[in-house]
Structures are given as C-alpha cells and as structure tokens.
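Open the model in your viewer and keep the selection tool at hand. The tour goes from stop to stop, saying what to select and what is there.

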Amino acid sequence: MKTLKHRFLVGLSVSMAVLGVFFAVLISMNLRDQLITDTEHKASLVLSQVEAMQAYVREVLRPIMYERLPADEFVLEAMSTSFVTRKVMSDLNGRDDQFRYRRVAVGARNPDYEADPFEQTIMARFAADPQLTRLEEITRRDDEEVFVAARPVRFEASCLHCHGDPAEAPKALLTRYGDTRGFWRHDGELVGLDMVAMPVAGALGQIKGKTIGFLSLFALGMGAFYLTLQVFFDRLVVVNLRRVTEVLRRYFPKEAGEAPKTTTDEGEIEEIYTGIDVLASRLKEARENIEDHAQNLERKVAERTLDLAREADERRSDVSLFVELLSILNLSQTRSELLAAALPRIAGRFGAETAAYECEFSNGGSIAWPAGTAPLPPPADWRRLVAEGELRLTKQAALIPVRTTDVSRGLLRLYFPVAGPGPDPEAADLYRAIGQQLGIALENLDAINSLLAQNTLLGSIFDGISDPLALIDSTSGIILANEPARELVRALCDQPPLPGQMPRLPARLLGDPPPEATPDTAATGDEPVFATVALDDGRSFAVTRYPLASPAGQSRRFVVYARENTTERRMLEQMRQAEKLVAVGKLAAGLAHEINNPLGVIACYAELLRQSLVDPQALDDLAVIERHATMAKKVLRDLLDFARPRPAKPGPCDLAALAASLARIFEVQGQSRRVGLCVNVPADLPLAKADATALEQVLSNLLLNALDAVAPDTGRITLAAAASADGEHLSLTVSDNGPGIPPADRPHIFDPFFTTKDAGRGSGLGLAVAYGLMRDMGGAIDVATDGGAIFTLTLPACVGPCQEETP
C-alpha cells in the first residue's frame, strides 16, 4: 500500500503543481491583457488629441491665417499640422516617461523627422494593407519593451499647397527648408505615420512579481493540503479497495481465485489487478482495432494532403492565367468586343476547338469563335442550366452558366476535339469562376447602358417641368433650358439671336440686383437670389437664381427657376385693399358721426334765417350755405354707406333685366352728353347670386365714371355680360373709349377718397364702395386699360337653393 500511496501522492502533487502553474499563467495573461487594454485606451486618447489638434489647425487656424496673411506668407508655427503636433506632443511633453510621440515621414522635409527602420517597417504594413487604419501592439524597440500605437498619414488635397509643386508653395517654407525635400506629393499618398510609444517594461515586471507571489502562496497551500491528505488517505482509500476486491471475487470468481489467508495492502491491489485484467483483455482487442483504423486514417490523410498540394499549385497557375484574362475583358468597350476577345482566350486555355456564347436576354442571340463558323445548337434545356447555375461537362463539351450572384445572363459553350481528352472534371471550379467573372463584365456594360438611359430620363424630366427652368452662365447666356423657359425667352426677346450665338436670358426676367450688389458679387455670390418680376403683359414671376459651385478659373453657372405667381399677387393686392377699406371705414364712421350733428344744426338755422330774411343778396348767400351743407351731407351719407354697408342679399339677380333698366336710366344722360351707350347682355344668361340693389349701385357708379371720362360726340360706353365655360361664374364688363387709367393711378383707384376729378365733382368713395359691395357679395372687381378703361365684375352663378328662391 505504500507504493500505491506514494504514487497517488506524487501524482496528485504533480497535478496540483501543474494546476498552480496553469493558474499563474492565466493570471499573468489576464494582467497582461488588462495592461494592454489600459495602454490602448491611453494611446487612443493621445492619438485622438493629436487628431483633434491637427483638425483644429487644418480647419480653423490655417484658414484664418490664409485670410489675414499675404498670399506668399506661411507661419509654420500656426499653420503646419506636423509642426504644431510635434511641438505640443513631443517637444513640450512633460510626461516623457509615460509616452513618447513621433510624427515621421519618408523623405521628410526636416531630416530630424525621417522615419527610422523600425518606423519604416510599420509604414510597410500600412502600405501592404490599405484597409489598416490603426496598429496597436507590444514590441521591442531599442532593447526596450514598449506598447506602440500608430496610424498612417496620407496627404489630402489641402496639404498639396505646401507639399505639391514647389513653385506653388509658400516662400517661407522654401526659405526655411529648400525646394528638394517634402514636395511632389499627391492626394492619398502614404507618406508617414503618427506613433505613440508607451514603455511597459515596468508594468510587465510588476506582473511577473505578482505571478511569482501567487506561485509561492500556492506552494504553501499545497504543502498543508499534502499533510492533511496523508492523514485521511488510509481511512478513505483502504476501506474502498477492500470493497472493490470483494466485488471482483463475486463477479469474476474464476479469474480471482481463492482468497489468501493473510490480506496485505499489496494483495488487495493484486486482486484488483487480477479482476481488472479480465476487462483489460476484452478492451485490448477493441483498442487494436481502433489503432489499426487510426493508422489507415493517417495514411489516407497524408495522401489527401499531397493531392491538395498538387491541386493548390495548379490553382495558382490558373489564377495567374485568370487575371490576364480578366484584364482583357476589362479593356472591352461593348458586349460584342468583350465576347470576341474572351472566347478565343478561354478556348485556348482549355484546349477547346470552338467556343460560343448564348445570350439569355432579348430572345436569345449568340456569338461564336472562330468568327464565321456556325456553332452547334445549344441543348434544349440550356435555359434551365443557366437559371439553376448548373455546370455540365460531357465528353466533348463544357456548358458553363454565365451569371452573377442573382442574375442569369447566358451560357458559355466550349467544344473539344473528338480525339482529345475533353473537359477536365477537376477544373469545374475554374469553369464556374470564369462564368461568374464573364457575367460581372457583362453586368458592368449593362450598368453603363443603364446610366445612359437614366441620363436620357433625367433630360425628359427636365423638359417635362411645367415651370421655366434654365442653366445660365455668369453673362446670362443660356446653356440649357426646358421648353417653358425657351417659350418665355422667345416671348420676351425683341429679336432672335444671331446664328451661332448663345441665346441670353433677358435681364428683366432676373429682376433687379440688391442695392449693395456689384457686378462681381452679383455673379459670384454663394447664396440664392430671390426676386419677383412683373412683365408688361400683366404676368408676374417669382424668380430664384441658385449659384452652382465651379472649379477655379471656370465661368460661374446658375440655375434659374421661375414660377408664375400672377394669381397669388392679385389675391394679395385684394387682401391689402380689403384691409385698407376696413381701416378707412372705421375712420369714416367716426368722422360721419362727429360732423353730421353740426351740419344738421347749420341746415336748421339756415331754414330759420330764410323765413326772416327779405334781402335778395342775403337770400342768395343763404342759398350758397344750404347748397354746400347739402353737399357735405351727401359726402357723409357716402361715408356712412361705405362704413356700414347693408348686408348683401344672396340673390337671385337677373343681370339681363338689371342691364336693361340701367340702360333706360342712363340713355337720357348719354344723349344729353352726346355719348353712345351699348348694352350686350344675352337674354338666356343664368341668374347671378347677388344683391340686385347693391349691384345696381356698383354699375351706376361705373357708368357715371365712364360718362365723365369719355369725350362728347365720340364717346362710347359698352355694358356687356357673359357666363364662364363651366357655368359657375358670370361676368359684367363696363368699358369705354376714354383715356383709360394711367399705370401710376391703377394701384390706388379703389382707395377711399382717391379721385382724379376736379374739386367738387367727386368724393373719391364711389369705387371704394363698389369694391366693398362686390367683396360682400362674394364677387370681385378688376380693372384694365385697353383703348380705354375696362372694369370687369365677376359674380357666382345662382344654382341650387338660390334658383328655388326665384319668384
């Protein structure tokens, strides 16, 4: 039993020692990983600070310095990102023991910052992998273990001012560094790196000390555990060994034999060995079978490894050939050129006698090599082969589906000589790869055709925009315009452009520039310019001119968009007129109330004086007072009618009857003034939804104004009416052949108290009252001048319940 105990304790000690070493290594690795993580965070903070500092110099300091310094001046200490970051992070670094920052380059302008071999090795790794943007690792440098974090430095377009052509560089740089180093760089070039090195030797030493301390404590614990185990081993192990011996005798009596007279520790172990020997003999055969199978498996794996190595060599040569084929495909411009160049190369690679491509689009179509030969017809199920991506290799042909990831394009067929070996089944993957790459090349051609179609579609959309839209240069020359813009230009241009001359957008369509604008700023401003342009024909447009960015040295271009807002402008004018009438109406109501009472007193006392006066001269003077008081009362009555109009009735109103009635009334006045009055109102005109009394007042004012405007003998007034095409509106027109309304007076004719008549002949309230009455009836009144004044009244037609009220 001493042998068993010793083996057990020794084995247990070795196992615990291995376990202790394992945990020590695990702790050491964990502490090392934690150190790396903390160091990575610190290095990331330093590099982030470097990036922020460089962005500040590049985006804030450098533009400000360029604005304030002369063109050839360059302040290195404030405008160079490399100088500032080196100065702050390296020269002024007060924590050099914690990190060391270097910004280096190959062919650096300052030789002090030329990359050393270690840094060039890191740059080579960035150059080999353009996708690599950050490198972080623990390595040895100058016999010191350090953590290195580096990122590549690539030139941007803004850097080439100082690192491109020396002739364009600031003179301050040339004076300081010369014109040989640090120039002739290009955009995107990898020229250097930003590197932060943090010493980690001390931290790694601490980790090593902690690991050794853990092993010491673990060894002390193992000693205590070893002593305790010896005490309990006999009680726990010996009793169980005897029980195992009894079990073996009970189940394996022949193999166990007779029980010995004296039982020793070694005898119990022998009995256990004897009992287990039966199981071992039965397991031996199974183990031999497993070993034999393992030996065969190893031999098969070795053979397969050799086959794979040979196949890898073949694939490398195939890839080289495939790259050459791909470059030929990329040089083709059309589908026919691509296939004509690809088919002979593919056929030559595989030793095919003829080759053909069957297109799945556009109802088929094929191309064959050699040119002029008629290829064999494709199999009946070739479309299924393409759709399912199935490669079919027969004795004399290889049918290769040409497709991309999700699009089927056609079938590539290779035909081999009858006496030849035919297609190689082991090259199936290469066949599929060629089919896929050919499909990608065809897809690229289709993408180019799609771009051309999109360009045509955008041109159609541009021409289909209903509002005028044009692209012009800085001299208003039209580069591109849609049909509405061309029609507008043709309508506004006095004469067409000369042959070969670029048409120009009329200046009046662009609107007047702001007062502070100069010709230079007007042509080079970066903000959109908005203007409202009124044309001679009464239309108005909201014109917006959008400047486009252009390269230096090229003419500035603009997009001009014009939207007709004639209706909106008229509605705004009507709203302003309505607001003006409301304000004046309130004022008129107050004035009428305050003046009416004194006029009443004057009229009353004038009447009393008439009864007591007998002197003719005094009676004539009194008549003058009464006449002017009456005129003042009439003005007050107009003011009250303007301020408190009567509610308009909803209708109906017979415009034909109303026009006939007014014609009879004003015919006498027209005859007395030798003015002709013509009425043109259809008898079947629908009823209008309007107050007949209010409409009569409006028309009377307009007819009276027309009588005052026309000249005797030659004057002519026309009253006409008509219905709209949809029958929902009616229009009344009062026109004359007088002098018309001057353009300067047209915006004010509906203003209260505005009149062009002589003093005493008009109060200036007639048209204002007419405007208010038309607004209350839901209509509108417009004015125009065409051989005289033309007033147009628009009213809604009377339909539905309004018709039912007709007596």
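Which strands does helix H12 lie across, and at about what angle does it run to E8? Select residues 428–464: helix H12 lies across E5, E7, E8 and E9, and it runs at about 40° to E8. Before the next stop, note that this is a predicted model, in which local features need pLDDT of at least 70 and side-chain atom pairs count only at pLDDT 80 or more, while totals for chains, interfaces and linings use all residues. Residues are numbered from 1 along each chain as its sequence is written, and side-chain values use heavy atoms, with hydrogens and water left out.

Helices (H or I, at least four residues) and strands (E, at least two) are DSSP runs, numbered from the N terminus. Axes are lines fitted to C-alpha atoms, for helices over the stretch in contact (heavy atoms within 4.5 Å). Angles run from 0 to 180 degrees between N-to-C directions.

Now select the strands. Five of them form an open sheet with antiparallel pairing, in the order E6-E5-E9-E8-E7. Two strands pair if DSSP finds at least two bridges between them. At the edges are strand E6 (366–369) and strand E7 (392–393), each pairing on one side only.

Select 397–403 and 408–415 next. These are strands E8 and E9, which run antiparallel and are joined by seven bridges. Ala 397 has Tyr 415 in E9 as its bridge partner.

Then pick Trp 369 and Pro 370. The peptide bond between Trp 369 and Pro 370 is cis, with omega near 0°. Pro 370 is in the loop between E6 and helix H11 (382–388).

**Another open sheet**

Move to the sheet with the order E11-E10-E14-E13-E12, an open one of five strands with antiparallel pairing. Strand E11 (478–481) and strand E12 (529–534) stand at its edges with a single partner strand each, so one side of each has no neighbour in the sheet. From one strand to the next, the twist averages 25°.

Select 469–473, which is strand E10: three bridges join E10 to E11, and the two run antiparallel. Leu 471 stands opposite Leu 480 in E11. Helix H13 (residues 483–492) packs on this sheet, where it touches E10, E11 and strand E13 (540–548), and its direction makes about 125° with that of E11.

**Side chains and loops**

Select Arg 545 and Phe 558. Arg 545 lies over the face of Phe 558, at 4.9 Å from the ring centre. A charge sits over a ring if NZ of Lys or CZ of Arg is within 6 Å of the ring centre and within 35 degrees of the ring normal.

Next, select Arg 674, in the loop between helix H18 (655–673) and strand E15 (676–680). Arg 674 is not a glycine, yet its phi is positive, about 60°.

The last stop is Asp 713, in the loop between helix H19 (692–709) and strand E16 (716–723). Asp 713 also has a positive phi, near 75°. Its relative accessibility is 55%, so Asp 713 counts as exposed.

Technical notes
Buried < 20%, exposed > 50% of the residue type's maximum accessible area, 1.4 Å probe, protein only.
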